[in-house]
Amino acid sequence: MGQNMAEKKVIISDSITVGELADTLQLSVTSLIGELFKNGIVATINQRIDFETATIIVEELGIDVDLQQRSGGSDSTQARPKHQIVGEGVERPPIVAVMGHVDHGKTSLLDAILNKKTVDQEAGGITQHISAYQAERNGRSITLLDTPGHEAFAALRQHGAVLTDVVIIVVAADDGVKPQTVEAIRFARNANARIIVAINKMDKETANPQLVKTQLASEHGLNPEEWGGDTVMVEVSAKSGQGLDKLMDMVLLVADMEELRADEKTPAEGLVIEAHMETGRGAVVGLLVEHGKLTPGSYIVAGSVYGKVRTMQNFKGEPLKVAGPSTPVTVTGFKDVPQFGEAFYLVKNERQARQKTAQAKIDAERQAASTNITGADLLKMMNQKHDAKDFNVIVRADVQGSLTSVIDSLKLIETGGEVTLRVISSGIGNISENDIRLAASDANTVIYGFNVDLPPAVKRLGARDKVQVRLYTIIYELLDDARHSMEALLAPEVVETKLGSLTIKGVFRTMRDEVIAGGEVTNGKVAAGMQARVLRKGQEIAEVEVIRVQRQQQEAKEVFEGEMCGLSLRTNKKVLLEEGDTVEFFSREVVQRTL
Ligand code: GDP
């Protein structure tokens with residue numbers, strides 16, 4: 001039992017406690033907690049983790065278990081039923097997410113496909129916060145999502161909203177596969193989306209598409225078609241425009257294989273893909289229509305928020321009278337800002353809207369109480385770990401002189417090479433919306449303002465996108481802050497402290513998940529709750545947890561060197577202890593390092 005778990009299918013619900021998951025996976029609680037530890041999350045046995053986290057952990061541990069989510073869970077937001085199309089339905093444009101490692105050219109590629117100048121240059125720094133676009137190719141539409149970050153994508157998934165048909169994974173030909181590339185692949189697979197790889201920056205002399213393909217094929221199971229595999233890979237350049245038409249053709253081709261259809265004759269429904277407050281306009285909400293046709297004047301509900309659509313615009317900001325399936329729109333009229341990733345649907349009137357939102361509030365509270373650790377948390381921690389190399393800053397100052405000295409001083413912070421400070425943008429004047437937008441694309445980016453202001457509208461935007469903006473008037477305070485932020489990026493260390501050891505003198509009882517044995521403490525001490533490993537001839541044979549310690553048949557708190565004791569050990573599988581085995585006790589702690 002517990003030895004051969006190959007191809008095992010395990011079904012769990014929306015969330016599960018650490019203890020239950022360990023049990024289900026026939027793992028020791030210690031090793032599960034240890035794995036969470038390694039990712040910077042301190043968990044206890046009774047803490048609940050969500051399905052996404054469980055999946056990631058299983059994958060990280062390399063356990064051969066096919067984890068599946070119990071369908072039709074009790075929770076309202078997670079178990080959004082799939083829309084059943086009545087009749088034939090209509091063909092709809094594919095929904096395509098563009099993902100990839102930072103700086104590999106996602107934004108440039110989107111800009112090139114949409115044939116627009118970078119938004120930054122366009123309207124004198126006035127950016128519109130649109131995250132979905134539509135491109136035309138051979139008279140057909142393609143909906144493109146500019147995924148603001150993988151975390152956001154994780155949030156979408158958490159709401160059960162898997163809306164992407166195709167994921168274009170952008171890999172720079174001169175840089176190859178990077179951590180966020182791997183994450184993007186994982187997301188695409190979890191979302192059941194088709195993957196197309198865009199090997200970008202082909203115009204560069206150092207471009208090495210063969211290497212990218214080899215990495216993807218050998219390490220990530222993505223085999224290019226030309227090598228007999230089934231992954232479409234297109235060599236492109238956002239700069240020269242090379243391969244972009246082919247990329248779009250491939251998207252349409254792949255989409256055709258999926259037979260994407262939608263229900264047009266149904267009340268409009270879809271997802272919130274963006275939302276923020278704007279002075280004068282109120283809640284400005286990006287919606288992606290999935291089914292039905294949305295028109296101004298409709299009452300819509302998204303989670304615990306509702307509204308009556310007052311204005312509706314397409315991605316270019318032009319007014320729209322009707323939006324059908326796969327169309328991204330920006331609407332106003334919501335009473336408040338709905339949550340990103342929330343499903344929206346139509347209701348008849350305001351009274352009905354109120355009823356629905358009240359119920360959603362109750363559900364949301366219940367949900368918040370039941371899950372302690374979410375996939376988004378874990379990913380955030382993992383991201384921080386993977387990206388620990390770069391600490392990106394945007395610097396704004398009042399005058400050129402202070403800007404230069406702030407930047408120069410920042411660059412002098414000594415980190416031993418482990419964390420690199422990169423000034424990704426700098427300028428004179430107040431913090432701008434552009435700064436926020438730039439910072440929002442990477443969790444490790446901080447905006448520093450020296451002797452400048454953060455205008456209220458920009459502040460709201462920053463709050464919405466969870467961008468860190470820090471204002472200073474004293475330079476060494478700014479530098480101290482930067483140093484602390486860089487320290488926070490150093491990967492936490494899991495430190496084990498040896499507490500004692502014991503030699504087994506006799507084994508009393510062996511059960512599937514518990515062993516009772518006796519022995520002599522040869523060193524240090526042993527106490528209930530300690531973690532331990534069993535060694536035989538110097539080789540580890542199991543990791544265990546001390547449940548109880550007894551001295552002369554009496555429960556004891558601690559037993560010290562030289563004393564005999566009885567031990568009850570929790571095991572994740574049947575462990576056959578032998579006389580002479582050594583048990584080493586230790587504690588495990590996550591320690592934040594400092595520079
Ligand atoms: P993102 O972080 O993935 O959105 O990347 P960006 O689109 O911001 O691009 C990062 C950098 O790579 C920018 O300096 C771009 O000008 C540059 N870049 C993007 N695509 C290409 C390309 O096809 N060729 C070259 N030479 N540079 C590119």
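For the classes used here, Ala, Val, Leu, Ile, Met, Phe, Trp, Tyr, Cys and Pro count as nonpolar, Asp, Glu, Lys and Arg as charged, and the others, Gly among them, as polar. Good morning, colleagues.

The model is predicted, so local features need pLDDT of at least 70 and side-chain atom pairs count only at pLDDT 80 or more, while totals for chains, interfaces and linings use all residues. Residues are numbered from 1 along each chain as its sequence is written, and side-chain values use heavy atoms, with hydrogens and water left out.

I begin with the ligand. By class, its shell holds two nonpolar, seven polar and six charged residues. Of the 15 residues around the ligand (a heavy atom within 4 Å), D103, K106, T107, S108 and D203 come nearest. Helix 4, residues 106-113, gives the most to this shell, with three residues; helices here are DSSP runs of H or I, at least four residues, numbered from the N terminus.

Next, the polar contacts, meaning pairs of N or O atoms within 3.5 Å. An N or O atom in the T107 side chain is 2.4 Å from a ligand oxygen, and for N200 the corresponding distance to a ligand oxygen is 3.1 Å. A polar side-chain atom of D203 lies 2.6 Å from a ligand nitrogen. The protein covers 71% of the 580 Å² of accessible area that the ligand has on its own (Shrake-Rupley method, 1.4 Å probe).

Finally, helix 7, residues 179-190. Which of its residues are buried, that is, under 20% relative accessible area with a 1.4 Å probe and protein chains only? They are Q180, T181, E183, A184, I185, R186, F187 and A188. Just after helix 7, N192 takes a positive phi of about 60°.

Technical notes: Polar contact = N/O pair within 3.5 Å; in protein donor to acceptor, adjacent residues only side chain to side chain. Helix = DSSP H or I, 4+ residues; strand = E, 2+ residues; numbered from the N terminus. Buried < 20%, exposed > 50% of the residue type's maximum accessible area, 1.4 Å probe, protein only.
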